[in-house]
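I opened my notebook for a friendly walk through strands, sheets and one interface. Here is what I looked up, entry by entry.

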Amino acid sequence: MFGNPDGGGLGLHVAFTTRAGDQSRPAECQVSVYNLSPESVGVFTKTTNLVTIRAGHASGGVRQVFSGNPVAGTLVRHKQGGDVVTKVTIRDGGRAYDFGRLEVSLSGKTTEREVLNHILAQSGLGEGHVELTSVTFPRRYVFSGTARRALDELVDAMGPSVAWFIRDGNVHILDKASKTPEEGPVFSSDLGNLVGSPEPVEGGGIRFKGLLDPSVRVGKVVKVESKYITGWFKVVEAAFAGDNFSSSFYVNVKGVAYAT
Amino acid sequence: MPHSDADPTLVDVIDEGILGRLATLGTMTIGKVLAFRESGEAIPRADIRIAVRARRRTEEGVWEEYEQVVLPDLPVMYPKVGAASVYFPLAAGDEVLILFAERDIETAVEEGADINRANTARRHSLADGVVLPFSWSQSVPASARDTGYVIESDLIKLGEGATAGAARLNDDVSPNAAFTVWTDAVTVATGVASLPAGAIGDISTASSKVQVE
């Protein structure tokens, strides 16, 4: 615990930015910790460690914003004024993404569910919201390689409209037009959590900035209420940013219109 | 690129990507039969163990060897053109070559259409191996390669030398000149009718020189 001393932490200056999308590449988080002791830096050097970012505004409560494994080779320490800043990249499900393997040999007719079960069991990834399209391997299923490539091949066999991504350590598989079932938050001027005005983007979606709400996730639908743009939008990109010494905590969202 | 290398060059990254892809790119390898099944299908099937270990890098950055997965129910392919074919059943322990198709050929093997659909988008996959019955090591004695074969066709032309003029089961047997002279003399001496022209019999299935399977 490096941040808030009230939460049992060390009260260190911590800043972070995250980036998540609905692609199979894992979400990333850049973490900066100021004046971390050399003894504590080690926690960021092991890819088996789990780093969790918890943040939020008092109204919504402090909850997990991001969790993932340090990425090998990304740890940097440098001087910035009178401070020593430790920076590292962590990735959601990064260890399973980089090192998770699938070695399996299944004889006879094999379904996509059986294959997915083997992928999850061997990679250590959990199962999130999964909508499987029927795929049958009539004679055998044989695979030797990374779990992420097995997921690529499996989802590719389900058709071009289906995508997979890792969210909070769990694999989600769903049609690009579908959403995950959880209820998303509302961002509005009236609630005071919409910062500025949403802007339309090419392709029919919008971008907006809001106060950090830890429940925002890729795949969820959120409601936006503003003077010019109001409606439900499925989150396809979500980027959190926070700094506990400046009390600056925001989320930037790209969403596509979603008919509820 | 060493696992702990914090400052890889672009070339290092590209090399690493290429090596990663090559690690899962099936082309040809060698194996041994675990089980062989004829099961009444035109294409027999075999479970194959790949006879070469693969290498992978662990999370700690150390290379380790590992035994590759068993390849179950692969089609075994023999030479066959029209009515002519060569077939010899495999047994556990036999050496084979395994070729990996560049696309999913399972539907093609099942249906045999002129142009076939690839059931999946996989490329050079371990799942698309086909078995060729070729021995590959010096450990197999030459004598073990020469027994128990079957050659089947409407017409077989055997080579010159020891096999020249070899007969087949049920081939007609015709009298030669000396035999005809002898039967003619018997007819004159006894008045018994001469043998009719043409074959006087065929090669018996009891023959120890001509065999069929």
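**Entry 1: the sheet of chain B.** I began with strand β2 (residues 45-50) of chain B, which pairs with β5(B) in the antiparallel sense over 3 bridges. For the terms, I took helices (H or I, at least four residues) and strands (E, at least two) as DSSP runs, numbered from the N terminus. Two strands pair if DSSP finds at least two bridges between them. At the residue level, I found B:Ala46 opposite B:Leu74 in β5(B).

This is a predicted model, where local features need pLDDT of at least 70 and side-chain atom pairs count only at pLDDT 80 or more, while totals for chains, interfaces and linings use all residues. Residues are numbered from 1 along each chain as its sequence is written, chains are lettered from A and ligands numbered from 1 in the order in which they are written, and side-chain values use heavy atoms, with hydrogens and water left out.

Next I looked up the whole sheet: 5 strands, open, in the order β5-β2-β1-β8-β9 (chain B), with antiparallel pairing. β5 and β9 (129-132) of chain B are the edges; each has a single partner strand, so one side of each is left without a neighbour in the sheet. The twist averages 50° from one strand to the next. (Angles run from 0 to 180 degrees between N-to-C directions, and axes are lines fitted to C-alpha atoms, for helices over the stretch in contact.)

**Entry 2: the interface.** I then asked how many residues each chain brings to the contact. Chain B gives 26 residues and chain A gives 24 residues, with contact meaning heavy atoms within 4.5 Å. The area buried between the chains is about 2,100 Å², and carbon and sulfur atoms give 50% of it. That is the accessible area (1.4 Å probe) that two parts lose on being put together, summed over both.

For charges, I noted 6 salt bridges across the interface of chain B and chain A, each a side-chain nitrogen of Lys or Arg within 4 Å of a carboxyl oxygen of Asp or Glu. I looked up a salt bridge between B:Glu41 and A:Arg139, whose closest N and O atoms are 2.9 Å apart.

On the side of chain B that touches chain A, the elements that give two or more residues are β5 (71-75) and α2 (106-111) of chain B. The largest share, 5 residues, comes from β5(B). I sorted the residues of this side into 11 nonpolar, 6 polar and 9 charged. Here Ala, Val, Leu, Ile, Met, Phe, Trp, Tyr, Cys and Pro count as nonpolar, Asp, Glu, Lys and Arg as charged, and the others, Gly among them, as polar.

**Entry 3: a sheet of chain A.** I turned to an open sheet of 3 strands, ordered β9-β13-β12 (chain A), with mixed pairing. The edge strands are β9 (126-130) and β12 (162-167) of chain A, each pairing on one side only. The twist averages 20° from one strand to the next.

Which way do β12(A) and strand β13 (residues 170-175) of chain A run, parallel or antiparallel? They run antiparallel, joined by 6 bridges. I found A:Ala163 with A:Leu174 as its bridge partner in β13(A). In their hairpin, which has 2 residues between the strands, A:Asp168 takes a positive phi near 55°.

β9(A) and β13(A) pair in the parallel sense over 3 bridges. A:Asn170 of β13(A) is the bridge partner of A:Gly126, and I also found A:Asn170 as the bridge partner of A:Arg167.

Last, I checked a helix: α3 (residues 147-157) of chain A lies across β12 and β13 of chain A, at about 150° to β12(A).
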